[in-house]
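Visitor: Please walk me through this model, and spell out the cut-offs as we go.
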Amino acid sequence: MTAPPEPRLHQLIARLRAAALDLTAEQIADAVWLARWMTAREEPRCPAGPGPAAAGPASGPRQPELATGAPPAPSAAPAAPAATRRAERTAPVSLYAEGRAEAPARPRERPEVFPVRVPAAGALPGLLGLQRSLRPLRGYRSLAAPLPGPLDEQATADRGARTGVLQPVYRPGARQAAGMQLLMDTSSSMVVWERMLEELQQTCAQLGVFRDVQVRYLHRGPDGTPLIGTTAAPRGEPELGLRPADQFRDPTGRRLTLVISDCVGPLWRQGRAQRLLHHWSRTSPVAIVQPLPPRLWSRTALSAQPGLLVRDPLAGGRLGFEPDGFRRPARPGALPVPVLLPVREALGAWARLLSGPGRSQVRGAAAWLLPGHPALPEPAEDGDGRGADERLRSFRAGASSGALRLAVHLAAVPLTLPVMQLVQRAMLPDTGPMELAEVLLSGLLWRLPDHGEQQGTGPWYEFADGVRELLLQSLEQGEAALVLKHCSDYVERQFGKSARNFSALAVAQLTGEAAAGGESGTPEPELFARVPARVVRWYRRVPAETGPLAEAEALLALWHAQGDPELLHRARGLAEPALGQDVDAVRAHLVLGKVLRALAGTEDIRREPAARRETLQRAAAVLAEAHRRTEAGSRWHTEAGLELAAVRHAAWQTDGEEEQLHEAERVLRALPPGSRRHLRLGRVLLDLARTGPEPPARATEAAAELRAGCALLDAEDAPAVRRCAARLDLARALRLAGAPAPEVLAALAQAESAAVDDPQRLHCRTESARTHAARRDWPPADAAYQAAVSLTGRDDPRRSELLAEWGELLLGRAEHGDDETVSRAEAVLREAFAVVPGRSPLRSGLQLLLGRALVLRAARLGYLPDLYESCHLLEQAARRAPDGAVRAEAWLALGTARLALREHTAAVPLADAAAAFAAAAEEAGRQSAEPGSVTAARAWHRYGQALERMGLHRQALAAYRDAARQWRDLTARLAEVPWDEVQETRESVARLSGG
């Protein structure tokens, strides 16, 4: 059958949901199919009347115009199609979130506006870890009798013939997996957790443990009874589509139920929800997922307490609970229900409790449910008499530090749920849904009724009068700018560049380019992520002076907060015409140089080395002219010199020309002392030490400059992020200069104490690990590497790089006789290989390292499968590695693995090992720019060994002589060589040549 057009199907589903009809996907499909064959095909008549509605064609019903990303309202009138296609617009277009009071009733009435939806961030951190924690539920077994299988006719007839009684006999039934029922509370305070419900459903569905995952919603009927439906907010008749809650009770125990609720709604305060769950928990496992933090549970209608949860199959599988400390005994008939935080630890403990084969017990929290659970008294009305000071004081008295910081950051953005979640994940990743719930239930916010609900954009909130202004007093201007910057980065990283709506809207507001409203008298539609006018001052200060250069400087400052390259192009267009003017010529050169330097660092220009080189050359010329025109020692002279040195440094990073570093050094040495001068010069000297001759001397000088810069930063009370970066560079310079390890570690400890985020802590711990490794102090080095790895996510590219570095270090120790590190090196390298991206250039190197580790472990432990796996990995690396040196090493290691495998099985011919050695020698010879190669010498030697074992002594002698030639070339240019291998080659030549 031909499916109906997608917009019509979406409209049908929307109207069915609006009517609260509880229909499954199969029932809807059946209805659509029946409608095709049973509905009379009559031409619909257009309603007569003036206006566009009556001017459409009569050949069929018109399609209502649908807003992007939102389903149409059921009552929306059909809109007439446009006679001609609208020309593509090039002028700015205003964007808005549907559902706001200021938005137009229908987008087609406002052709200059366009509705968008910003993607929502996840509500549950670490979905993969959550899935792993729930895997034990695979072993859950219901204590009810198993369902019988199909009728066994032969056994039934046989029993009837023998006993004279016809009694059906069934085959043993296959064990059915348990089902999962997610029951979402629909009280007004739970709307913020809808995203968490979706992610929890996704986790359970992708787990592969349950036979089905059902999502249902708990409603309060007109008479206060609990009802259950398949939609969150049915409209129309309240009873339509809702069923009594007792119909969803499972008497067999084959369905698990997770109730997602904060336990503050009317059903809980009246005790009806508790009585319902008491009835359910008598026959099947029930648990409550409580998103609020434990310290707030006492304020809810279901106060849980910590203790020991026990499940014993001999007692019928019912849960027991032993609370901590002295507690009054449970009342008669009371049953415990687990109360779980939405984190993997709590859910994992519940999964282990249910999946244990015998008596199992876990630590957790539980609440007592009574068959006649009493109601709580109605809370007192929170009148509007409390002022902003009193509200904020009350919130600060009981809020967590994370919730307080979140409230301060939310003061800089409009309060829509997607935006709040984005701000939380980007700015405060250490907070979760519990802190967000604290803010939403704190009394600081008011929920605006009917905003965004119809189009699914979520609820809108507003701070109580005066609260936003008080919170903004605690928000620094730089932090306010980072709100949008980090949110933009988060949206791009998580959802792709096509979803950068949040950043685009914010830039439009801050640069004053938002499109004006339409017709006179129509309110201008508000942007979905628009910053209120009274908060804009935190993102962009109005310059004290006017003019092109002042505006260019303001755009450059805004770029530092936003990162939008378009701002730099506009600033360049303002600064370049001012170069030829006599007034402010130096300032124009300086501003343009800064803009060009920033442009050279943007992603689009970094992709094209020629464009980046040209931009940096232009910046260097402009800044050099500004530096030449100013008087030595003046502020402009110093600023121009610092910027010019930074451009030279960036040019070296692009081309690798050491002269650029020397030029930057000359410029910086001529400048007066200052923190920026000392730090920049120290970093230039550090790079010179890494690339040029005499590294210790250069590094010592770099350390002196960096130490002076750090002291000035401390005196200036500079931001912690700058102090941490400076001390990191100081530690690197000290390590390269050969300073004592305690001095290097002390600098790293100071850097880590000033670190403001995990990336900086990651650098500190990595440098600490390298410092310990340089001292061959292995236990602290391993601990530092482990601590650094713990700061990276599984999909973080830095994780694979760090694990590869650590694994290579462990492998080197194992190859030098440390047997205890063989297995650990293999484990670390295997994890690195598991998380490295498929197209990463690091992948082939990891295959080489892991293959070598497997060969070594097979030699030490005698585990034969390691050799087979190593041959597979090494051959992939040898054939696919983009780096010729890695290919040569991989061929060499592959030959070694094949020789080792030959010792255990004759299925591997010696010719395969010899071919790998020959390929390694040829590849190494092609990659060596100077005479002699250690890899080539080893490959020729082992090639000779393989040929000698094959009985080809003349060819083996030629191979040994090639290896000896490589060793001679290396010693001739005074390269370090392994003299034991050189001697072995000489002895092989002498043995086969008879001399």
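Guide: Two strands pair if DSSP finds at least two bridges between them, and strands (E, at least two residues), like helices (H or I, at least four), are DSSP runs numbered from the N terminus. This is a predicted model, in which local features need pLDDT of at least 70 and side-chain atom pairs count only at pLDDT 80 or more, while totals for chains, interfaces and linings use all residues. Residues are numbered from 1 along each chain as its sequence is written, and side-chain values use heavy atoms, with hydrogens and water left out.

Visitor: OK, how many bridges join β4 to β5, then?

Guide: Strand β4 (residues 213-220) is joined to β5 by four bridges, and the two strands run antiparallel. Within that pairing, Leu227 of β5 has His219 standing opposite.

Visitor: And what lies between β4 and β5?

Guide: The two strands form a hairpin with five residues between them, and in the turn Gly224 has a positive phi of about 90°.

Visitor: Switching topic: how many aromatic pairs does the structure hold?

Guide: There are three aromatic pairs, where rings of Phe, Tyr and Trp (its six-membered ring) pair if their centres lie within 6.5 Å, with planes under 30 degrees apart stacked, over 60 edge-to-face and the rest tilted. One of them is Phe321 with Trp368, whose ring centres are 5.9 Å apart and whose planes meet at 65°, so this pair is edge-to-face.

Visitor: Where in the chain do Phe321 and Trp368 sit?

Guide: Phe321 belongs to strand β10 (residues 319-323) and Trp368 to strand β12 (residues 360-369), so the pair links distant parts of the chain, 47 residues apart. Phe321 counts as buried because its relative accessibility is 10%, whereas Trp368, at 24%, counts as partly exposed.

Visitor: Why is the pair of Tyr785 and Trp806 called stacked?

Guide: Their planes are at 10°, with ring centres 5.9 Å apart, so the pair counts as stacked. Tyr785 lies in helix α28 (residues 778-789) and Trp806 in helix α29 (residues 797-815), 21 residues apart, which again links distant parts of the chain. Tyr785 and Trp806 are both buried.

Note on methods. Buried means under 20% relative accessible area, exposed over 50%, partly exposed in between (1.4 Å probe, protein chains only).
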